[in-house]
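Visitor: I would like to learn how to read the features of a structure such as this one, step by step. Could you show it to me and then take my questions?

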Protein chains: 2
Amino acid sequence: MKKDRISNNVIRRLPMYLRKLDELLAHGVDRISSGELGKQMGLTPSQIRQDFSCFGEFGHQGYGYRVAELREQVSRILGMHEGYTIAVVGVGNLGHALMENFGFEEQGFRLVAAFDLNPDVVGKVIKGVTVHDSSELSSWLRNNPTDIIVLTVPRTIARSVAQEAADSGVRGIWNFTNIELELDRPDVRVENIHFSDSLLTLGYFLAEQDAAENG
Amino acid sequence: MKKDRISNNVIRRLPMYLRKLDELLAHGVDRISSGELGKQMGLTPSQIRQDFSCFGEFGHQGYGYRVAELREQVSRILGMHEGYTIAVVGVGNLGHALMENFGFEEQGFRLVAAFDLNPDVVGKVIKGVTVHDSSELSSWLRNNPTDIIVLTVPRTIARSVAQEAADSGVRGIWNFTNIELELDRPDVRVENIHFSDSLLTLGYFLAEQDAAENG
């Protein structure tokens, strides 16, 4: 699989391809042309072919893509077969919601632990996962090497908790705190969830609608 | 302000510009060139100039952008001055977390109501907002025209609740249910939050790191 210098835009489209391919499979679609896939995703056929060609040859000349095969390849590229381990740090409403409802396993991840400060929460078992005391975070992570933490702590402690996890061997931080994390660990990858981006996009469309109606 | 045919990519970059401009303001930066802004955002200067030229002329030749002025313009384009009203439908862990922590007001929205089925939650007041019984959803929305609902109900009822809200005059749905909503209301805009996209991107980078180390 050739993988050199894949652009960020391609990488960010991969999860969207995955969702679309899952949807096609759920509808019993076995194969699809780059033209049809492009139409359904708002991309040009050549962009689709270019995206997948970054990773090897998945299409079949004059036939299109086998949906299940392509889905398998995309999920592999996304590391979904690696069983990366995840710990949730901060079991407030949001952390709790993610543990209960997100479906880490479906995405190929293994939720292995959770941490919180609140004595009412510490010791609870949520979806089979124990909530440990936050004071044990670094020692636990050192004894149980963990790939990713979900950062759902209050903003005030976000930086220090992220740094502690990074220093304890975590390789990725899924950041829900809406704070830009600048860690002194270039080897640790941070992905931010910015809820507001999509709400503001909604605001844009409503304002556009209003302008069209009033103008 | 000329606004015809703005591409989706430009629209989706606007909230990112907003975040960057807020960050610059917080660091006391008064003005910035398209070159420097591009560098900080991973875009080319010409892309920056092109993006903003869709909405009018914000830059000043040989001077760059006034950060506060540009921030004001971007927030206006995003409808943040409109005070759009929002109701949260589904006050489980996630709905609760959004009500407590999201900061709708900071983004220019007004949280006006919440709805849930659970008698333990109905009647509660969260951040000054009352949780109503879900059975009152359509009558409440008809009596209190509301721009947007935050959809944080269980997946099984997501479609019917979204349709009910759309039929009761809601114009936008901020969808956290991870279900593709196909409403028979083309005038209602849906924005989906797909948590998994950014987690899978993280998975990609870890897999890439592993491949580099092993290969």
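This is a predicted model: local features need pLDDT of at least 70, side-chain atom pairs count only at pLDDT 80 or more; totals for chains, interfaces and linings use all residues.

Guide: Residues are numbered from 1 along each chain as its sequence is written, and chains are lettered from A and ligands numbered from 1 in the order in which they are written.

Visitor: Which rotation superposes chain A on chain B?

Guide: Copies are superposed by least squares on the C-alpha atoms of residues with pLDDT of at least 70 in both. Here a rotation of 180 degrees, with 0.0 Å of shift along its axis, brings chain A onto chain B with an RMSD of 0.0 Å, and that is the relation of a two-fold axis. The residue of chain A that comes closest to the rotation axis is N93(A), whose C-alpha lies at 2.3 Å.

Visitor: How many residues of chain A are in contact with chain B?

Guide: The size of an interface is often given as the accessible area lost when the parts come together, but here residues are counted as in contact if their C-beta atoms, placed from the backbone, lie within 7 Å. By that count, 48 residues of chain A are in contact with 48 residues of chain B. Helix 8 of chain A gives the most to this side of chain A, with 15 residues. Because 100% of the interface residues of chain A are also interface residues in chain B, the copies meet through the same surface.

Visitor: Where does the kink lie in helix 1 of chain B?

Guide: Helices (H or I, at least four residues) and strands (E, at least two) are DSSP runs, numbered from the N terminus, and the bend at a residue is the angle between axes fitted to the seven residues ending there and the seven starting there. In helix 1 of chain B a kink of about 25 degrees lies at L14(B), shortly before the proline P15(B). Both L14(B) and P15(B) are among the buried residues of this helix, where buried means that 20 or more other C-beta atoms lie within 10 Å of a residue's own, exposed that 12 or fewer do, and partly exposed in between. The cover of the buried residues includes helix 8 of chain A, together with strand 1, helix 2 and helix 4 of chain B. After helix 1 of chain B comes G28(B), with a positive phi near 75 degrees.

Visitor: What is the order of the strands in the open sheet of chain A?

Guide: Two strands pair if DSSP finds at least two bridges between them. The 7 strands of this open sheet follow the order 5-6-4-3-7-8-9, with mixed pairing, and its edge strands are strand 5 and strand 9 of chain A. Strand 3 and strand 7 of chain A run parallel and are joined by 4 bridges; in strand 7, I149(A) is the bridge partner of A87(A).

Visitor: Which residues other than glycine have a positive phi?

Guide: One of them is K127(A), with phi near 50 degrees, placed in the loop between strand 5 and strand 6 of chain A. K127(A) is partly exposed, with 15 other C-beta atoms within 10 Å. Another is N178(B), at about 65 degrees, in the loop between strand 8 and strand 9 of chain B; N178(B) counts as partly exposed, with 16 C-beta neighbours inside 10 Å.

Notes: Two residues are in contact if their C-beta atoms, placed from the backbone, lie within 7 Å.
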